[in-house]
Amino acid sequence: MAKDDQPLEVLNTLDLAKTQLYHFTAVIISGMGFFTDAYDLFCISLVTKLLGRIYYNVDGSPKPGTLPPNVAAAVNGVALCGTLAGQLFFGWLGDKLGRKRIYGITLWLMMICSIASGLSFGSSPTAVMGTPCFFRFWLGFGIGGDYPLSATIMAEFSNKKTRGAFIAAVFAMQGFGILSGGVVAIVIASIFRAIYKAPAYSVDPLGSTVPQADYVWRIILMFGALPAALTYYWRMKMPETPRYTALVAKDEEKALGDMSKVLNIEIQTEKEIAEKRVIQKRNSFGLFSKEFLRRHGLHLLGTASTWFLLDISYYSQNLFQKDIFSSVGWLPAAKTMNALEELFKIARAQTLIALCGTVPGYWFTVLLIDYIGRFTIQLIGFLFMTVFMFALAIPYHHWTLKENNIGFVVMYGLTFFFANFGPNSTTFVVPAEIFPARFRSTCHVISAAAGKAGAIIGAFGFLYASQNQAKSKADTGYPAGIGMRNSLLVLGVINVLGLFLTLLVPEPKGRSLEEISGENEERNKDQSVPGAQAV
């Protein structure tokens with residue numbers, strides 16, 4: 001039998017390799033990038049009300065200061081814009097230059113910009129807000145590069161039996177990042193509250209925000225550099241993925257050598273055969289070719305559209321939890337608290353949701369994804385997100401009554417549970433599995449960029465849409481919106497659309513990456529190369 005008609009030895013070995021220490025090490029190294037990503041993207045929602053009190057307080061106003069609409073939109077959304085741009089740039093670069101070369105650059109960018117986003121170049125509100133906005137764009141740019149590279153690296157190192165669990169475990173570190181953001185804010189706020197006492201805003205508007213509160217938001221934003229710095233050395237020690245080296249760089253011998261080192265296994269191969277084996281390029285169609293469209297066009301549409309719709313809903317809920325909690329009365333009125341007390345209670349509420357809904361949802365996915373499959377989990381997630389969103393929106397007045405606040409929080413937490421035991425995890429996992437190696441990072445990034453486009457719509461749109469329908473009751477500077485109830489109904493409809501578009505996404509459970517993507521079929525169609533026959 002012709003040697004070229006058999007799958008590459010390195011790919012077979014990867015698919016059949018036993019789960020061992022290196023797989024878990026790779027999860028931690030790649031996952032800490034996602035820990036940092038989530039911390040940096042979502043910690044801003046904890047401090048926006050504090051920023052409003054510090055820099056936009058109006059003397060004599062019955063309510064504490066809030067960020068103007070344009071500033072609030074920029075502060076909340078600029079990192080997402082950077083993430084979208086970074087995904088497209090680094091995802092393409094990762095397929096051209098390799099995963100390893102780009103991996104360190106994104107981490108450096110995240111570390112530097114996390115620290116810089118807590119600085120201020122000037123003292124006016126515009127200058128102070130402009131500095132974190134500038135650096136958070138570039139922070140998002142680095143985060144965008146981390147998304148496709150972490151997913152692709154984990155997918156290409158994993159065996160086919162537990163691949164889904166390992167990719168999902170990398171993404172599940174996002175839950176710990178969100179949780180840590182709340183914990184860090186609670187700790188910092190508690191320390192400053194204990195040292196610097198202050199009355200409520202209704203008692204003393206100026207005294208309710210101590211000058212030292214200006215350090216609090218800076219410390220919280222800068223803390224995001226720490227987890228990235230802790231894993232930099234180990235990230236640089238990771239070799240290039242064997243699948244990239246074998247299938248894209250066309251160097252099977254080096255791929256075998258790298259894999260034998262990291263997986264601690266001995267691979268017997270004849271150097272002469274490895275030198276003679278030539279992986280044909282004749283059937284290597286391009287990303288924008290008709291052949292790619294025929295084979296993977298609907299798959300790419302499915303992964304991109306479901307991620308887009310998911311992120312509209314998910315980021316709307318995550319970034320504006322504090323506003324939703326305030327609207328139903330779970331958080332006290334701002335004027336009854338001082339600045340640090342408000343930060344503490346916002347962080348406590350978001351930490352509770354993360355602990356009870358967000359984090360468990362991620363890890364349920366890790367445990368079950370290789371048993372019930374990606375497709376089933378995504379369907380279940382979108383279905384129950386729809387059910388619980390409509391259950392919150394339709395009887396909305398019922399949940400605003402004080403005696404029903406706990407029920408609202410439970411239902412709201414369940415929407416996060418099924419987002420993460422559902423499409424928020426699977427939309428990340430599947431694009432790393434179903435496309436050919438030479439396009440894997442790029443296709444993942446197209447899907448992820450569509451998601452970030454949805455996140456931007458969620459971040460900017462929900463900010464305005466959720467305002468009260470009566471202009472007099474909307475937040476200062478905002479036009480009338482469609483109201484919180486109607487905004488939740490819209491999110492429910494978006495989840496329904498995601499449910500139906502999931503039907504375009506294939507199930508990769510239990511199959512090798514080459515079988516899923518059709519790369520084995522490509523190789524088998526290639527003509528035999530003289531001298532490559534087995535003897």
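Helices, at least four residues long, and strands, at least two, are DSSP runs numbered from the N terminus. The views below come from a predicted model.

**Figure 1. Overview of the protein chain.** The protein chain holds 23 helices and zero strands. Of its 535 residues, 59% count as buried. Among contacts in the protein chain with a separation of 6 or more, 84% are accounted for by residues 24 or more positions apart.

**Figure 2. Helix H7, residues 163-195.** H7 has 33 residues, and the distance from its first C-alpha to its last is 49 Å. This span is close to the 48 Å expected at 1.5 Å a residue. A bend of about 30 degrees is found in H7 at Val170. The helix is mostly covered, with 24 of the 33 residues of H7 buried.

**Figure 3. Packing of helix H4 against helix H20.** H4 spans residues 69-97 and H20 spans residues 437-465. Their axes lie 8 Å apart and the packing angle is about 175 degrees. Angles over 145 degrees count as roughly antiparallel, and H4 is therefore roughly antiparallel to H20. By class, the residues in the contact of H4 with H20 comprise 22 nonpolar, eight polar and four charged.

**Figure 4. Crossing of helix H15 and helix H16.** The two helices cover residues 339-372 (H15) and residues 374-393 (H16). Their axes come within 7 Å and cross at roughly 125 degrees. From H15, the contact is made by Thr365, Leu368, Ile369, Asp370 and Ile372. From H16, Arg374, Thr376 and Ile377 take part. The residues of the contact of H15 with H16 divide into four nonpolar, two polar and two charged.

Figure 5. With its neighbours within four places in sequence left aside, Thr358 is in contact with Gly175, Ile178, Tyr314, Ile353, Phe416 and Asn420. Two of these partners, Gly175 and Ile178, have numbers that fall within residues 163-195 of H7, while Ile353 falls within residues 339-372 of H15.

Methods: Residues are numbered from 1 along each chain as its sequence is written. This is a predicted model: local features need pLDDT of at least 70, side-chain atom pairs count only at pLDDT 80 or more; totals for chains, interfaces and linings use all residues. Side-chain values use heavy atoms; hydrogens and water are left out. Axes are lines fitted to C-alpha atoms, for helices over the stretch in contact, and angles run from 0 to 180 degrees between N-to-C directions. Contact means heavy atoms within 4.5 Å. Ala, Val, Leu, Ile, Met, Phe, Trp, Tyr, Cys and Pro count as nonpolar, Asp, Glu, Lys and Arg as charged, and the others, Gly among them, as polar. The expected span of a helix is 1.5 Å times one less than its number of residues. The bend at a residue is the angle between axes fitted to the seven residues ending there and the seven starting there. Buried means under 20% relative accessible area, exposed over 50%, partly exposed in between (1.4 Å probe, protein chains only). Angles under 35 degrees count as roughly parallel, over 145 as roughly antiparallel, 65 to 115 as roughly perpendicular and the rest as oblique.
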